[in-house]
Amino acid sequence: GIPGHHHVKPSSCTAREHPPASTHSNMGSGKPRGIQSARKLRTNRRVNRWADLDYKKAHLGTWLKANPFGAASHAKGIVLEKLGIEAKQPNSAIRKCVRVQLIKNGKRIAAFVPNDGCLNYIDENDEVLLSGFGRSGHAVGDIPGVRFKVVKVANTSLWALYKQKKEKPRS
């Protein structure tokens, strides 16, 4: 033949064409198919959902352990000490907070005291009512690591004391 041209047989590909797509088999798809496979699919999905970190976080139940309030919206506690927590950069302030020991489980947390001068209404060993700080477990704004705020002191709302609608009960 001609140099550099190897003789090639006419291709026999035309004889072995793929079957039409409609009869395509599902084998090798890696999942069970068919009329009795529902249990298998369901259990596989149930097992593999735990690899999804958001699913895991929502369903493991560890948030209950991590949350000082348990599952409650508010909690009462006893004031251990008053703190001045420095605001994060770029702000410069001393945010007035209190260290509180919760009555229901003994956990100690820091809570923010809102409004100007309200720290003066709070004394050590007072009973205070705390609520979340509005970001469900995240610190707010420039106050590092404080996730709760004081709502009442000695069963009187801080707002009423601040607005001088009520006097703090002498105990």
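Author: Let's start where the side chains of Asp142 and Arg95 meet in a salt bridge, at 2.7 Å from N to O. The term means that a side-chain nitrogen of Lys or Arg lies within 4 Å of a carboxyl oxygen of Asp or Glu. The two partners come from distant parts of the chain, 47 residues apart: Asp142 sits in the loop between E4 and E5, and Arg95 in strand E2. Those labels count helices (H or I, at least four residues) and strands (E, at least two), which are DSSP runs numbered from the N terminus. Asp142 counts as buried because its relative accessibility is 12%, while Arg95, at 25%, counts as partly exposed. Here buried means under 20% relative accessible area, exposed over 50%, and partly exposed in between, using a 1.4 Å probe and protein chains only.

A word on the model itself: it is predicted, local features need pLDDT of at least 70, side-chain atom pairs count only at pLDDT 80 or more, and totals for chains, interfaces and linings use all residues. Numbering runs from 1 along each chain as its sequence is written, and side-chain values use heavy atoms, leaving out hydrogens and water.

The largest nonpolar core has 19 residues, and Val98, Val113, Leu130 and Val150 have the most contacts inside it. E1, E2, E3, E4 (127-132), E5 (148-153) and helix H4 (158-162) each give two or more residues to this core. A nonpolar core is a set of buried Ala, Val, Leu, Ile, Met, Phe, Trp, Tyr and Cys residues joined through side-chain atoms within 4.5 Å. In soluble globular proteins, nonpolar side chains tend to be buried together. Beyond four places in sequence, the contacts of Val98 include Val79, Leu83, Ile109 and Val150, where contact means heavy atoms within 4.5 Å. There is also a second, separate core of 8 residues, with Ala110, Phe112, Phe133 and Val146 among them.

Returning to charge, 4 salt bridges are found in the whole structure. In another of these, Glu127 and Lys76 meet at 3.3 Å, N to O. Glu127 lies in E4 and Lys76 in E1, so this pair ties together parts 51 residues apart in sequence. Both ends are partly exposed: Glu127 has a relative accessible area of 31%, and Lys76 has 34% relative accessibility. Asp126 and Lys168 meet at 2.5 Å, N to O. They are 42 residues apart, with Asp126 in the loop between E3 and E4 and Lys168 in the segment after H4. Both Asp126 and Lys168 are buried, and together with Asp123 they are linked in a network of salt bridges.
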